[in-house]
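Dear colleague,

I am passing on a structure for you to look through, and below it you will find my notes on what turned up. Please keep the structure open beside this email while you read.

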Amino acid sequence: MENDDGVNVDLYIPRKCSWTNRLIQAKDHASVQINIGKIDPSTGRYTGEYHTVALCGYIRNKGEADMALTELVRKADES
């Protein structure tokens, strides 16, 4: 929710899982948020930019987090 000045005044903004698009609840202590650094293709050095990926505990519990993270990074590299 925003006030009249356009400033966000919500106390809690829920995250969504990047793989399943499920809402990550506040009590989901198995969820992770990972920043993946972008590199310059010609030099191979970190550019200071990153792509954020959030995975819910459900995916990690099923053992699919590795595959999900690999696919999300591959799709981010293509775009």
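Over the ring of which residue does the charged end of Arg22 sit? The ring is that of Tyr58, and the charged end of Arg22 lies 3.9 Å from its centre; a charge is said to sit over a ring if NZ of Lys or CZ of Arg is within 6 Å of the ring centre and within 35 degrees of the ring normal.

Before going further, please note that this is a predicted model, in which local features need pLDDT of at least 70 and side-chain atom pairs count only at pLDDT 80 or more, while totals for chains, interfaces and linings use all residues. Residues are numbered from 1 along each chain as its sequence is written, and side-chain values use heavy atoms, with hydrogens and water left out.

The pocket

The largest pocket holds about 210 Å³ of space. On a 1 Å grid over the protein atoms alone, a pocket is an open set of points where a 1.4 Å probe fits, with protein on both sides within 12 Å along at least five of seven lines, and its lining residues have an atom within 4 Å of a point; the volume is the space filled by probe spheres set on the points, which are joined across faces, edges and corners. The lining is made up of Ile36, Gly37, Lys38, Ile39, His51, Val73, Ala76, Asp77 and Ser79. Two elements, strand 3 (32-39) and helix 2 (65-78), each give two or more residues to this lining, and strand 3 provides the largest share, four residues. Helices (H or I, at least four residues) and strands (E, at least two) are DSSP runs numbered from the N terminus. By type, the lining has four nonpolar residues, three polar and two charged, where Ala, Val, Leu, Ile, Met, Phe, Trp, Tyr, Cys and Pro count as nonpolar, Asp, Glu, Lys and Arg as charged, and the others, Gly among them, as polar.

The loop between strands 2 and 3

Ser31 is placed in the loop between strand 2 (23-24) and strand 3, and it counts as buried because its relative accessibility is 15% (buried means under 20% relative accessible area, exposed over 50%, and partly exposed in between, with a 1.4 Å probe and protein chains only). Its side chain makes a polar contact with the side chain of Arg15 at 3.3 Å, and the side chain of Ser31 also reaches the backbone oxygen of Asp28 at 2.9 Å. A polar contact is a pair of N or O atoms within 3.5 Å; within protein, one must be able to donate a hydrogen and the other to accept it, and residues adjacent in sequence count only if both atoms are side-chain atoms. Ala30 lies in the loop between strand 2 and strand 3 and, at 33% relative accessibility, is partly exposed.

Other residues

Asn21, in the loop between strand 1 (15-16) and strand 2, has a positive phi of about 65° although it is not a glycine. Most residues other than glycine have a negative phi. Asn21 is exposed, with a relative accessible area of 53%.

Glu49 belongs to strand 4 (residues 46-55) and is partly exposed at 49%; its C-alpha atom is separated by 8.6 Å from that of Ile36, 13 residues apart along the chain.

With kind regards
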